[in-house]
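Please read the following briefing alongside the sequence and the coordinates. It treats the contact between the chains, the nonpolar core and the annotated spans in turn.

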Amino acid sequence: MATATVNNKNRARSAQDMASDAKRTTKRRINRTLKYALLIFFVIMVLLPAYVLFITSFKGTADADPSRAWYLPQVWETGGWVKAWTTLAPSLGRTVMLVVPSAIISSFLGSINGYVLSKWKFPGANIIFTLILFGMFIPYQAVMIPLTQLVSDLGVPQGIPSLMLLHIVYGIPICTLIFRNYYASVPDELIEAARMDGAGILRTYGSVILPVSAPGFVVVLIWQFTSAWNDYLFAAFFSSGRNGPVTIALSFLAGGQLTDYAASMAGALIASVPTLIVYILLGKYFVGGLMSGSVKG
Amino acid sequence: MLKRAKTWGPSVLLLAPTIILVGVFVYWLIIENFRVSLTNQHTAKPSNKYVGFENYTNLLADPNFQHSLWNLLILTVVFLGGTLIFGFLWAWILEQPAKGEGFFRSVYLFPMSVSFIASGVVWRWLLSSLQTSQPGGERTTGLNRLLDSVGLGALQNDWWSNPTWGIAAIAVPAIWQLSGYVMALFLAGFRGIPDELREAARIDGCTEWKLYRHVIFPQLSPVMLSAVIIIGHMSLKLFDLIRAIVPDANTYDVQVPATMMWVKYIGSDYADAAAIGTILLVLVALVVIPYLWYTSRMEKR
């Protein structure tokens, strides 16, 4: 403010101008330094738990003393990693078997739904869409008790098969939403042209929609992969340590009153590797999925 | 009529699997759950005797359940407040183009890709209030230890081991995990504000504060609403994180309806578990239904 008044009064004096220019640059420089200081402070805050995970996973008895809690290990031990790997390995395999097919199937269903609900609307289509969408927000606790009954009545075995069914069914709403928003950007003229050529609903899907769907599929597959990989609620109700996914195995490894912190932290890192890789390599699409979670996209 | 049926017949047919699946697994099960909650099935033995709303009135009169609702309120307020503050702050700083912007964004968002179970492992250690007595005084660990060693010993506390405010400690890792998400939402919101709008306001002599007050904040309010809905409904359902940090599911200090429902389920008290589920559904629906209605109306316009 002061600078501005000085500036107005002495417009003619270029020396003053230069001085105020210099002032402004210093101000900008201070602002920038402050900004980066803040940004770096927050980076440290966010990465602090990751640092703890990493260092603790390599600690052995030599570093058991609490006074060494925040320091690098004196002796880098891999015992925790070995224990975590042997405990988690079988469940990691099961999680892959669970997550990959359910991500593929629910994204196909979502693609078909999104296509119909954006390009082949029928009376009441919007109401149906909103009703499907509501399934995305329900607390699963509100269906869990009869759901356990229904799944066993259907004869679906506990463990991976039940979980696959559940991730597919409860993944439909979000997949439908993402694809519906995505297909909204496909020009209606393309669909009309195909219709004019006498193509039906499925032929149009195959010849016009599917070829441009790749980015939508990437977003949906990543979303479904991550949420199924990280799920614990369904896993807790529908599987056990013997037949469950990695989150269950990890919660057994890390749970209990006396925890082997080296092994459980190594286990947490192992369990997070696949989703972290996806995030690092395909972060852009990951964010795309997040955004569509806000309904409006 | 026939022609119309022909044009939208295939659409309905293609949607049929979804309509059936969602109809059964969402709507029918909600009704069925409500039915179970009206029975007296409090043991593993099947029982279909209807008791009306007795389970609900008993639950609402139960001090444990009241406490879990109170906890849920605190959790939601702290969780929402924290993620909105950090999310907005980060987006605001990163909104102007800056060197290394992408790096900061990726770091702030990374916790979102990790499961609550995995992050819970480290937060359980960080939020530990254990003290081991050793020669030379009490020794703490986790964040308490860090606070002590950087001279902020006064901030040491019992974290989640506190019947009134313990649940707020659970919000800390939740905030850590989801602030990046809120940041991403706000960044998208900032990007949606046309540059001309800001320029026009600046030419009209708007101060920075007025520019935010009258131009930017109103433009961001839909994003803010999305963030509140998403974080709010996540908070109502939060279960994994509490299970990962607190070993015993029946810990009074951090009991919320979602964990209490699990305890009832494990104890084969299906009627009470179903009633808690329905109560959670009502809470979520109170927030989500107006939101869905609002968005579908906005779309029509």
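**Contact between the chains**

In this predicted model, 75 residues of chain B are in contact with 71 residues of chain A, contact being defined as C-beta atoms, placed from the backbone, within 7 Å. Local features need pLDDT of at least 70 and side-chain atom pairs count only at pLDDT 80 or more, whereas totals for chains, interfaces and linings use all residues. Residues are numbered from 1 along each chain as its sequence is written, with chains lettered from A in the order in which they are written.

- Helix α1 (residues 2-37) of chain B gives the most to the side that touches chain A, with 18 residues; helices here are DSSP runs (H or I) of at least four residues.

**Nonpolar core**

- The largest nonpolar core has 167 residues, among which A:Leu250 and B:Ile170 touch the most other members; such a core joins buried Ala, Val, Leu, Ile, Met, Phe, Trp, Tyr and Cys residues through C-beta atoms within 7 Å, buried meaning that 20 or more other C-beta atoms lie within 10 Å of the residue's own.
- Leaving aside neighbours within four places in sequence, A:Leu250 is in contact with residues including A:Leu88, B:Ile117 and B:Ala118.

**Annotated spans**

- The unreviewed UniProt entry for chain B annotates "transmembrane region" at spans including 106-126 and 165-190, although such annotations may be inferred rather than shown by experiment.
- Residues 165-190 of chain B are 96% helix and 0% strand, with end C-alpha atoms 35 Å apart, strands being DSSP runs (E) of at least two residues.
- Residues 106-126 of chain B are 71% helix, with end C-alpha atoms 23 Å apart.

How values were computed: Buried ≥ 20, exposed ≤ 12 C-beta atoms within 10 Å, placed from the backbone. Contact = placed C-beta atoms within 7 Å.
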